[in-house]
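Please look through the structure shown here and follow the report below, which moves from single residues to the whole chain.

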Amino acid sequence: MAGNQKAKAKAEQAKGKAKEVAGRAVGNERLEAEGRMEGARGDARQAKEKTKDTFKH
């Protein structure tokens with residue numbers, strides 16, 4: 001299960017980065033902001049999983 005959550009975090013980070021870059025390329029501030037938000041969500045999910053791993057071992 002933890003591997004699945006880690007994969008979701010990485011996917012969310014990548015998707016957010018892609019949206020952010022696309023938004024910047026076309027000058028769409030809303031898309032850029034959505035990308036930053038999605039990337040931050042992925043970062044938070046990854047941090048949560050790392051914390052769980054730390055206490056697990």
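In this predicted model, Glu-32 is in contact with Lys-19, Glu-20, Gly-23 and Arg-24, once its neighbours within four places in sequence are left aside. Glu-32 lies in helix H2, and because its relative accessible area is 16%, which is under the 20% that marks a buried residue, Glu-32 counts as buried.

Glu-38 is also found in helix H2, and its relative accessibility of 9% places it among the buried residues. Not counting residues up to four places away in sequence, Glu-38 touches Glu-12, Lys-15, Gly-16 and Lys-19, and with the side chain of Lys-19 its own side chain makes a polar contact at 3.2 Å. The buried residues of H2 include Glu-32 and Glu-38, together with Gly-35, Gly-39, Gly-42, Glu-49 and Asp-53.

Helix H2 itself runs over residues 29-56, and at 1.5 Å a residue its 28 residues should span 40 Å, which agrees with the 40 Å between its end C-alpha atoms. The N-terminal end of H2 is capped by Asn-28, which has a side-chain oxygen 3.1 Å from the backbone nitrogen of Arg-30.

Side chains of opposite charge can pair when their charged atoms come close. In this model the count comes to 11 salt bridges, and three of these pairs are set out here.

| Salt bridge | Closest N and O atoms |
|---|---|
| Lys-6 and Asp-53 | 2.5 Å |
| Glu-12 and Arg-45 | 3.2 Å |
| Arg-30 and Glu-34 | 3.5 Å |

The salt bridge between Lys-6 and Asp-53 links distant parts of the chain, for Lys-6 is in helix H1 and Asp-53 in helix H2, 47 residues apart. Lys-6 is partly exposed, with a relative accessible area of 36%, whereas Asp-53 counts as buried at 18% relative accessibility.

What separates Arg-30 and Glu-34 along the helix in which both lie? Both are in helix H2, and they are 4 residues apart, about one turn of the helix. An α-helix has 3.6 residues a turn, so residues three or four places apart point the same way. Arg-30 is exposed, with a relative accessible area of 64%, and Glu-34 is partly exposed at 25%. Arg-30 and Glu-34 also belong to a network of salt bridges that links them with Lys-15, Lys-19 and Glu-38.

Another pair to consider is Lys-8 and Gln-46, which are 38 residues apart in sequence and 8.7 Å apart in space, C-alpha to C-alpha. Lys-8 has its place in helix H1, residues 2-26, and is partly exposed, with a relative accessible area of 41%.

Turning to the whole, the protein chain has 2 helices and 0 strands. Its radius of gyration is 13 Å, well over the 10 Å that the globule rule gives for 57 residues, so the chain is more spread out than a compact globule. The C-alpha atoms fill a box of roughly 45 × 15 × 10 Å along the principal axes, and buried residues make up 25% of the 57 residues. Among the contacts with a separation of 6 or more, 50% are between residues 24 or more positions apart.

Key: Residues numbered from 1 in each chain as written. Predicted model: local features only at pLDDT ≥ 70, side-chain atom pairs only at ≥ 80, totals over all residues. Heavy atoms only, no water. Expected span 1.5 Å × (residues − 1). Buried < 20%, exposed > 50% of the residue type's maximum accessible area, 1.4 Å probe, protein only. Polar contact = N/O pair within 3.5 Å; in protein donor to acceptor, adjacent residues only side chain to side chain. Rg over C-alpha atoms; globule rule 2.2 N^0.38 Å. Contact = heavy atoms within 4.5 Å. Salt bridge = Lys/Arg side-chain N within 4 Å of Asp/Glu carboxyl O.
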